[in-house]
Amino acid sequence: QVQLVESGGGLVQAGGSLRLSCAASGSIFSINAMGWYRQAPGKQRELVAAITSGGSTNYADSVKGRFTISRDNAKNTVYLQMNSLKPEDTAVYYCNAEVETTGWGRAWYWGQGTQVTVSS
């Protein structure tokens, strides 16, 4: 039906930057909200940032001023620019999207996750 594929994770030193991408494909009519979540070992998954189809954004307090979410509606892709990374940003990052599908109605979909590791 719909697939979300993340890329851009990796290992970076504290203070460095990474850019995550998440491309949606499949039976897509339109995409409403898109977002990034993360889950660190032993912790619950938490919202990092979200963006509406109109471009309104929302951020977790812990990343405000350091992370920027954006999207390219023509490419069905959402990005997360992460600057000034800290060791506590280490987690598996997941993208999700609320998709209006061509035949199955509206549903939320998740990517498979990409590991971000920030060394001190």
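Gly-65 is exposed, at 85% relative accessible area; exposed means over 50%, buried under 20%, and partly exposed in between, with a 1.4 Å probe and protein chains only. Gly-65 sits in the loop that joins β6 (57–59) to β7 (67–72). Strands are DSSP runs of E of at least two residues, helices are runs of H or I of at least four, and both are numbered from the N terminus.

The model is predicted: local features need pLDDT of at least 70 and side-chain atom pairs count only at pLDDT 80 or more, while totals for chains, interfaces and linings use all residues. Residues are numbered from 1 along each chain as its sequence is written, and side-chain values use heavy atoms, with hydrogens and water left out.

| Residue | Loop | Relative accessibility |
|---|---|---|
| Asn-76 | between β7 and β8 | 24% |
| Ser-84 | between β8 and β9 | 41% |
| Lys-86 | between β8 (77–82) and β9 | 34% |

Asn-76 has a phi near 50°, a positive value in a residue other than glycine. Ser-84 also has a phi near 50°, again positive in a non-glycine residue. Lys-86 is in contact with Arg-66 and Val-118 when neighbours within four places in sequence are left aside; contact means heavy atoms within 4.5 Å. Lys-86 and Asp-72 are 14 residues apart in sequence, and their C-alpha atoms are 27 Å apart in space.

Glu-98 belongs to strand β9 (residues 91–101). Is Glu-98 buried or exposed? Its relative accessible area is 14%, so Glu-98 counts as buried. Beyond residues up to four places away in sequence, Glu-98 touches Ser-30, Ile-31, Asn-32 and Ala-33, as well as Arg-106, Ala-107 and Trp-108.

Next, the fold as a whole. The protein has 11 strands and 0 helices. Its radius of gyration is 14 Å, close to the 14 Å that the globule rule gives for 120 residues, so the protein is as compact as a globular protein of that length. The radius is taken over C-alpha atoms, and the rule is 2.2 Å times the number of residues to the power 0.38. Along its principal axes, the C-alpha trace spans about 50 × 25 × 20 Å. Of the 120 residues, 42% count as buried. Among contacts with a separation of 6 or more, 56% are between residues 24 or more positions apart. The accessible surface comes to about 6,100 Å², and carbon and sulfur atoms hold 48% of it; areas come from the Shrake-Rupley method with a 1.4 Å probe.

The largest pocket holds about 160 Å³ of space. A pocket is an open set of points on a 1 Å grid where a 1.4 Å probe fits, with protein on both sides within 12 Å along at least five of seven lines; lining residues have an atom within 4 Å of a point. The volume is the space filled by probe spheres set on the points. The lining includes Arg-38, Lys-43, Glu-46, Glu-88 and Asp-89. By class, it has 5 charged, 3 polar and 3 nonpolar residues.

Terms used:
Ala, Val, Leu, Ile, Met, Phe, Trp, Tyr, Cys and Pro count as nonpolar, Asp, Glu, Lys and Arg as charged, and the others, Gly among them, as polar.
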